[in-house]
Amino acid sequence: MLHNNLSINEKNHLALAGVDTVELAHRYGTPLFLMDEERIRYNARVYINAMKKYMGEGSKPLFASKSCCFKRIYSIIAEEGMSTDLVSPGELYIAKEAGFPLENAYFHGNNKTDEDICYAMDSGVGHFIADNREELDAISRFAGERGITQKVILRLSPGIDPHTQAKISTGKVDSKFGTAIETGQAMELVKYVLTLANVELEGFHCHIGSQIFEYSSFSDAADIMLRFIRDVRDECGYVVKVLNLGGGFGVRYVESDPHIDYEANIKGLGAEIDKLCAELEMERPIILMEPGRSIVADSGVTLYTVGSVKTITGYKSYVSIDGGMTDNPRYALYESDYSILLANRAGDAPDLTATIAGRCCESGDLIQEDVALPTPVRGDTLAVLVTGAYNYSMASNYNRIPRPPVVMVKDGGSYVAVKRETYEDLCRNDM
Ligand SMILES: *Cc1c(COP(=O)(O)O)cnc(C)c1O
């Protein structure tokens, strides 16, 4: 199977971490998000241990909250000793409610409002990843009012377009995020930051994109960023301590995606960074990375119940399910690939090629096209694999569809981490 936490049991059912998914569908209802708690912990440990070992003491991964955000996730990653990044005051609120140690949090966002900045400072968020000059001015002012010095990492764009989809590559010069090195504006901004009171410039951040399968894209970014750190040292006499390389490695969603060994890639990247630092005659900074999907994606499976199979004579077949773009908008947004099977007949040979359609009033509400399946019948359980990232966190109430629950699978059992939304929840703010 795609990942080693997936298997087919003696009943011919799909199992996640050894737990029968069809039984879970009957017990909790569908649509249903399942997550394998041990897999999240395992992925976190791989990054934590490898970054410490190959990039030095202090180097560490920050969990990218946007990939999956609810209270239980924060307690799991806090228990593993992992730090986190937050991109909005809403994520900050949830981390805080979960008791996450916010001194280990990094506050992102390309447009933090004054309220956001004050809220983060008053909550004790340790680090800000600042995007622009106006924001830096506001951080300086509000830190001054509070009599604190706020640690800040500056978001820069290294001008790299990794071999990935255009919509999720964000390190290019023409981007809404950060400040470009190439145009000289980054150096200007650094000089400006160094004049600001109540702000301590810790380092620089870049994020070159997502679904990166080998470390060479990261070492290209590291090359540009380390040169910039050296240039700042030479021009400003100021040595920054931290280099944050942004989002993590890719994830195997379908059989044709490569297998990726995170530890080996972190080792390779660490060696490249050491080589570059030696060439540039500088000390290796603390390295941060911000993996999201590679921590949670392969822990997740979404279960649906099949409603109908419609074959349009001379065209194609549609399999309709009881969820759709409201719990997984990624095919509608990016045509993302997913692996799909019938959980209650997991080992059966496919005899139908079909489009999997959601229940929203949108022709574009599809989960995947050209999926090979044993011909489903109403009541079958359909499983979409590797949905732990950017599914629950991107879910919506479009068409007033309640969001599914998140059930964690652990030690052969299961527990509810997020309840299913009710119809009452759908109008709780309506006057
Ligand atoms: C999206 C994003 C991440 C996480 O990316 P993954 O592909 O989920 O690892 C990290 N940092 C930043 C700045 C991002 O925009």
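Trainee: Which residue stands opposite alanine 383 in E19?

Mentor: Leucine 341 does. This is a predicted model, where local features need pLDDT of at least 70, side-chain atom pairs count only at pLDDT 80 or more, and totals for chains, interfaces and linings use all residues. Residues are numbered from 1 along each chain as its sequence is written, and side-chain values use heavy atoms, without hydrogens and water.

Trainee: What makes strand E16 and E19 a pair?

Mentor: Two strands (DSSP runs of E, at least two residues, numbered from the N terminus) pair if DSSP finds at least two bridges between them. Strand E16 (residues 340-342) and E19 have 3 bridges and run antiparallel, so they pair.

Trainee: How do you know that strand E14 pairs with E19?

Mentor: E14 (residues 300-311) and E19 share 5 bridges, in the antiparallel sense. Threonine 302, for one, has valine 384 of E19 as its bridge partner.

Trainee: Why is E19 called largely enclosed?

Mentor: Buried means under 20% relative accessible area (exposed is over 50%, partly exposed in between; 1.4 Å probe, protein chains only). In E19 (residues 381-385), 5 of the 5 residues are buried, so the rest of the structure largely encloses this strand. Thr381, Ala383 and Leu385 are buried on one side, Leu382 and Val384 on the other.

Trainee: What is buried in helix H5?

Mentor: H5 (residues 114-122) buries Asp116, Ile117, Cys118, Ala120 and Met121. A helix is a DSSP run of H or I, at least four residues. The buried residues of H5 pack against helices H4 (89-97) and H6 (133-146), and against strands E7 (105-107), E8 (127-130) and E9 (150-157).

Trainee: Which residue follows H5?

Mentor: Glycine 124, with a positive phi near 80 degrees.

Methods. Contact = heavy atoms within 4.5 Å.
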